[in-house]
Amino acid sequence: MARGGFPGMMGGANMQQLARQAQKLQQQMTKMQEELDAREFEATSGGGMVTAKVNGKREVLSISIKPEAVDPDDVEMLEDMVMAAVNEALRSAAETVEREMGKLTGGMGMPGLF
C-alpha cells in the first residue's frame, strides 16, 4: 500500500482540485436549473384551438381555449385537446431540462440532482 493513503488514490492536491471542480460544476448546475425553472414552454393541439404554457418546474402557467373549440355536445374532445397540449408542453420542458443539464454533466446520469 502506498504510504499515507490507499493504493490508486490521488494525492491531496489532486483531491483539492477535484473538489474545486465539483463545486464549480454544482454552481453551474444550480444556475442553469434556476434559468430552466423560469423558462416557459408552450404547446398547442387541435390545430391551435388549445394552447398550454408551462415552466421548467413543470407547473402549468396558462391554458387558452379558442371559443370555437367549445362544443357542449363534445366536451370529451375539448378535454382531449387540453390534455394533449399540456402533456406536450410538459414533455418539451422535461426534454429541454434533461438536454441542457446533460451538457454540463457530459451526458452522465446524475439521478436525484434535479
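In which helix is threonine 105 found? Threonine 105 belongs to helix α2, which covers residues 75–105; helices are DSSP runs of H or I with at least four residues, strands are runs of E with at least two, and both are numbered from the N terminus. The model is predicted, so that local features require pLDDT of at least 70 and side-chain atom pairs count only at pLDDT 80 or more, whereas totals for chains, interfaces and linings use all residues. Residues are numbered from 1 along each chain as its sequence is written, and side-chain values use heavy atoms, with hydrogens and water left out.

Threonine 105 has a relative accessibility of 9% and therefore counts as buried (buried means under 20% relative accessible area, exposed over 50%, and partly exposed in between, with a 1.4 Å probe and protein chains only).

Strand β2 (residues 50–55) is largely enclosed by the rest of the structure, because five of its six residues are buried. With strand β1 (residues 40–45), β2 pairs in the antiparallel sense over six bridges; pairing requires that DSSP find at least two bridges between two strands. Phenylalanine 41 stands opposite valine 54 in this arrangement. The hairpin of β1 and β2 has four residues between the strands, and glycine 46 there takes a positive phi near 60 degrees. β2 and β3 also run antiparallel, joined by five bridges, and valine 50 stands opposite isoleucine 65. Four residues lie between β2 and β3 in their hairpin, where arginine 58 in the turn has a positive phi of about 65 degrees.

Asparagine 55, a residue of β2, has a relative accessible area of 6% and is therefore buried. A polar atom of its side chain lies 2.9 Å from the backbone nitrogen of lysine 57. The side chains of asparagine 55 and glutamate 59 are joined by a polar contact of 2.9 Å (a pair of N or O atoms within 3.5 Å; within protein, one must be able to donate a hydrogen and the other to accept it, and residues adjacent in sequence count only if both atoms are side-chain atoms). Beyond its neighbours within four places in sequence, asparagine 55 is in contact (heavy atoms within 4.5 Å) with Asp37, Arg39, Glu40, Phe41, Leu61 and Ala93.

Isoleucine 65 lies in strand β3 (residues 60–65) and, at 38% relative accessibility, counts as partly exposed.
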